[in-house]
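Student: Could we go through a structure together? I would like to learn what the words used for it stand on.

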Amino acid sequence: MLIILVLSTNVQFNFFVKAFNKNPDYPDKAVALSFDDGPVESTLEILDILDRYNAKAAFFCIGKNIKKHPEVFKEIIKRGHIVGNHTFSHTRKIGFLPSRIIIDEIENCNQIAEEIGGVRMNLFRPPFGIINPKTKRALNKTGHQVIGWNIRPYDAITKSPEKIIHRITKDLNKGDLILLHDNMPNTAPILEQLLVILQQRKFSTVRPDKLFNIHAYN
Ligand SMILES: [Zn+2]
């Protein structure tokens, strides 16, 4: 039982839902970047850095933040990145919600994204990586595909940029998918340093939907 519990709370294990976490078979020496929990004002700085390095990423957005920062949300799409669903409220209680409420959380996020950005998001990243049978039931209903990650530097809870960069780069392989948060104050300098290291190591970047050959929108 304990094992089931541990497995079910981590999206990487593909236990209840097939999630796309990495693709080592991708033909190019490339890694993918993803940013959770925006859009916020500081997302714009991230977008400028990505532009300078000609990198395209995925942004898993919280519905209430899309509502708060509609212009930032539109800008993400305009600059050629993809957006995905990260629920409407990003509640910590997500693991305890009935599937009916999880469906509302996902559909409300999609609805605001469509109203503001004109996109019908097909990709979902669960808040806190929590996938359980109720989430699975909800996803069967909404039809979203789950995108996980395989490199998680804990940038939302670690203060030291050096530590975060080390966690990302110490064992980086082609086809890896990196999780960062665009609402953290250090993300911009971390991203800039990371992109320099990727260039030095001759890694390119690939947008996550292209890494897995899947569709970001319906
Ligand atoms: Zn999140």
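This is a predicted model: local features need pLDDT of at least 70, side-chain atom pairs count only at pLDDT 80 or more; totals for chains, interfaces and linings use all residues.

Tutor: Residues are numbered from 1 along each chain as its sequence is written, and side-chain values use heavy atoms, with hydrogens and water left out.

Student: Why is Asp-37 called buried?

Tutor: Buried means under 20% relative accessible area, exposed over 50%, and partly exposed in between (1.4 Å probe, protein chains only). Asp-37 has 11%, so the residue counts as buried. His-86 and His-90 are both buried too.

Student: Where is Asp-37 found?

Tutor: Asp-37 is in the loop between S2 and H2. Helices (H or I, at least four residues) and strands (E, at least two) are DSSP runs, numbered from the N terminus. The phi of Asp-37 is near 85°, a positive value in a residue other than glycine. In that loop lies Pro-39, and a cis peptide bond with omega of about -5° joins Gly-38 and Pro-39.

Student: What about Asp-36: buried or exposed?

Tutor: Asp-36 sits in strand S2. Its relative accessible area is 3%, so Asp-36 is buried. Contact means heavy atoms within 4.5 Å. Leaving aside neighbours within four places in sequence, the contacts of Asp-36 include Phe-60, His-86, Arg-125 and His-181.

Student: How do you know that the buried residues of H2 are on the same side?

Tutor: In helix H2 (residues 43-52), the buried ones are Thr-43, Ile-46, Leu-47, Ile-49 and Leu-50. They cover an arc of only 165° around the axis, and therefore lie on the same side of H2. The arc is that of the directions from the helix axis to the C-beta atoms. An α-helix has 3.6 residues a turn, so residues three or four places apart point the same way. The buried residues of H2 pack against strands S2 (30-36) and S3 (58-61), and helices H4 (70-78) and H8 (187-200).

Student: Which residues does Val-17 contact, leaving aside its neighbours within four places in sequence?

Tutor: Val-17 touches Ile-131, Lys-136, Leu-139 and Val-146. Val-17 and Ile-131 are 114 residues apart in sequence, but 7.5 Å apart in space, C-alpha to C-alpha. Val-17 belongs to the loop between helix H1 (2-8) and strand S1 (19-20). Its relative accessibility is 16%, so Val-17 counts as buried.

Student: Why does Asn-213 count as exposed?

Tutor: Its relative accessibility is 72%, so Asn-213 counts as exposed. Asn-213 is in the segment after helix H9 (208-212). Its phi is near 55°, a positive value in a residue other than glycine.
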